[in-house]
Amino acid sequence: MIPSSTFTYCLGVDVAKDTLAVHLIHRQDPKVTIFERTIGNSPTGCQELLTLLTAREILPATVQVVMEATGVYWEESAWRLHEATCSVAVVNPAQVKYFARTVLRRGKTDAMDARLLAQFGVAIAPRSWAPPDADLRTLRSLMRMREEYVAMRVEESNRLHALKHQHDAPHVVRTIVEQHLRELDEHIRTIETSFKKIVTAHPQYQESMAILQSIPGIGFVTAGVLMTETWNMQHFCDRRQLAAFAGIAPAPNDSGNTQQPAHISKLGNPRIRRAFYMAALSALRSNRFKAFYARLRAKGKPAKVAIIAVAHKLLELAFVLLQKRQMFQPEYASLTTTV
């Protein structure tokens with residue numbers, strides 16, 4: 001991977017549904033604007049941007065594009081600019097938000113956001129983004145769709161429960177809810193079948209799923225969430241980086257003589273965090289993780305804190321085993337740090 005600091009130019013791109021606000025600066029002189037425009041968030045807009053670069057004899061390969069990972073509107077432009085040999089960095093909006101405070105930004109417009117992203121790229125030199133494999137993107141979409149359908153099923157199940165206990169509940173309403181529940185069950189089964197079919201066609205994904213599911217507490221759903229949300233563990237250098245990405249890493253809160261208990265930051269991926277919290281509850285049925293939980297409780301840790309610690313340990317263990325491409329064995333649990 002090419003370090004971000006080696007690129008000559010930095011292009012901030014503020015993405016909206018229909019438009020892209022762009023701001024280009026030179027790394028050696030970031031206070032000078034080379035150009036700023038508002039173009040369409042479309043193939044034509046991307047081509048217009050490339051034409052602006054060509055008119056100034058700027059090679060796309062010398063430009064790093066910086067945009068935020070908000071919604072899905074950034075994806076099409078990121079792909080097109082990547083294919084045009086630009087380096088694309090897709091950054092966490094929280095990073096940009098806190099960076100804006102450091103430069104005392106006053107006001108907020110699309111043009112100001114684009115300039116801020118360009119300045120962020122110069123100051124922070126974020127890691128470049130690489131498009132994931134098409135089948136892996138499909139797997140992530142399937143897993144996210146399953147999560148949405150399961151949430152819908154819980155809502156409909158609660159509605160049916162209320163109808164059953166309601167005096168004189170309309171029969172037609174109950175019939176519609178029961179039918180919707182059956183349809184949701186069918187959709188979830190179809191999603192899971194499609195997911196497993198794609199995984200079976202790719203030995204590397206099949207192996208990752210098998211390794212993850214060999215860990216106590218981690219089942220099909222948690223394994224699928226971790227593999228797809230991390231693009232099968234691409235770009236993670238160590239287990240601490242993964243824990244931070246998931247928002248399970250402890251965040252210290254000490255200042256001077258004031259010391260407060262550490263807490264998780266929650267700035268990471270909520271899907272992984274939710275999945276591993278549930279996996280931790282399941283892992284407590286395993287003697288090794290039950291003993292780890294008991295030790296923390298004996299030290300006075302609240303139950304929820306101890307469960308988060310188990311989730312943290314499970315996540316680190318998953319990283320170690322995937323890196324080694326080995327199935328879980330009880331002795332591997334000692335490879336992760338205790339919390």
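A pocket is found on a 1 Å grid over the protein atoms alone: a pocket is an open set of points with protein on both sides within 12 Å along at least five of seven lines, whereas a cavity is a set of points where a 1.4 Å probe fits but cannot get out. Lining residues have an atom within 4 Å of a point.

This is a predicted model, in which local features need pLDDT of at least 70 and side-chain atom pairs count only at pLDDT 80 or more, while totals for chains, interfaces and linings use all residues. Residues are numbered from 1 along each chain as its sequence is written, and side-chain values use heavy atoms, with hydrogens and water left out.

**The largest pocket**

Select Ala69, Val90, Val91, Asn92 and Phe245: of the 39 residues that line the largest pocket, these lie nearest its centre. The space in this pocket is about 1,600 Å³, where a volume is the space filled by probe spheres set on the grid points, and points are joined across faces, edges and corners.

Next, colour the elements that each give at least two residues to the lining: α2 (75–83), β5 (87–91), α3 (93–102), α4 (110–124), α5 (134–164), α9 (239–246) and α10 (270–283). Helices (H or I, at least four residues) and strands (E, at least two) are DSSP runs, numbered from the N terminus. Which helix gives the largest share of the lining? It is α5, with four residues.

By residue type, the lining has 20 nonpolar, 12 polar and seven charged residues. Here Ala, Val, Leu, Ile, Met, Phe, Trp, Tyr, Cys and Pro count as nonpolar, Asp, Glu, Lys and Arg as charged, and the others, Gly among them, as polar.

**The whole chain**

Zoom out. The protein chain has 12 helices and seven strands, and its C-alpha atoms fill a box of roughly 65 × 60 × 45 Å along the principal axes. Of its 339 residues, 42% are buried; buried means under 20% relative accessible area, exposed over 50%, and partly exposed in between (1.4 Å probe, protein chains only).

**Aromatic rings**

Rings of Phe, Tyr and Trp (its six-membered ring) pair if their centres lie within 6.5 Å; planes under 30 degrees apart count as stacked, over 60 as edge-to-face and the rest as tilted. Five aromatic pairs turn up in the whole structure. Select Trp79 and Trp129: their ring centres are 6.1 Å apart and their planes stand at 80 degrees, so this pair is edge-to-face. Trp79 belongs to helix α2 and Trp129 to the loop between α4 and α5, so the pair ties together parts that are 50 residues apart in sequence. Trp79 is partly exposed at 25% relative accessibility, and Trp129 is buried at 16%.

Phe236 and Phe245 make another edge-to-face pair, 5.1 Å centre to centre with 70 degrees between the planes. Phe236 is buried, at 14%, whereas Phe245 is partly exposed, at 31%.

From Trp129, step to Val65, which is 64 residues away in sequence and 9.8 Å away in space, C-alpha to C-alpha. Val65 sits in strand β4 (residues 63–68) and is buried, with a relative accessible area of 0%.

**Charges over rings**

A charge sits over a ring if NZ of Lys or CZ of Arg is within 6 Å of the ring centre and within 35 degrees of the ring normal. Select Lys196 with Phe220, where the charged end of the lysine is 5.0 Å from the ring centre. Then select Lys313 with Phe292, where the distance is 4.9 Å.

**Cysteines**

How many disulfides are there? The count is zero, a disulfide being a pair of cysteine sulfur atoms within 2.5 Å. Cys10 is buried, at 0% relative accessible area, while Cys237 is exposed, at 57%.

**Positive phi**

Last, select Glu57, which is not a glycine but has a positive phi of about 55 degrees. Glu57 lies in the loop between α1 (43–55) and β4 and is exposed, at 73% relative accessibility. Arg325, also not a glycine, has a positive phi of about 55 degrees. Arg325 is in the segment after α12 (303–324) and is partly exposed, at 32%.
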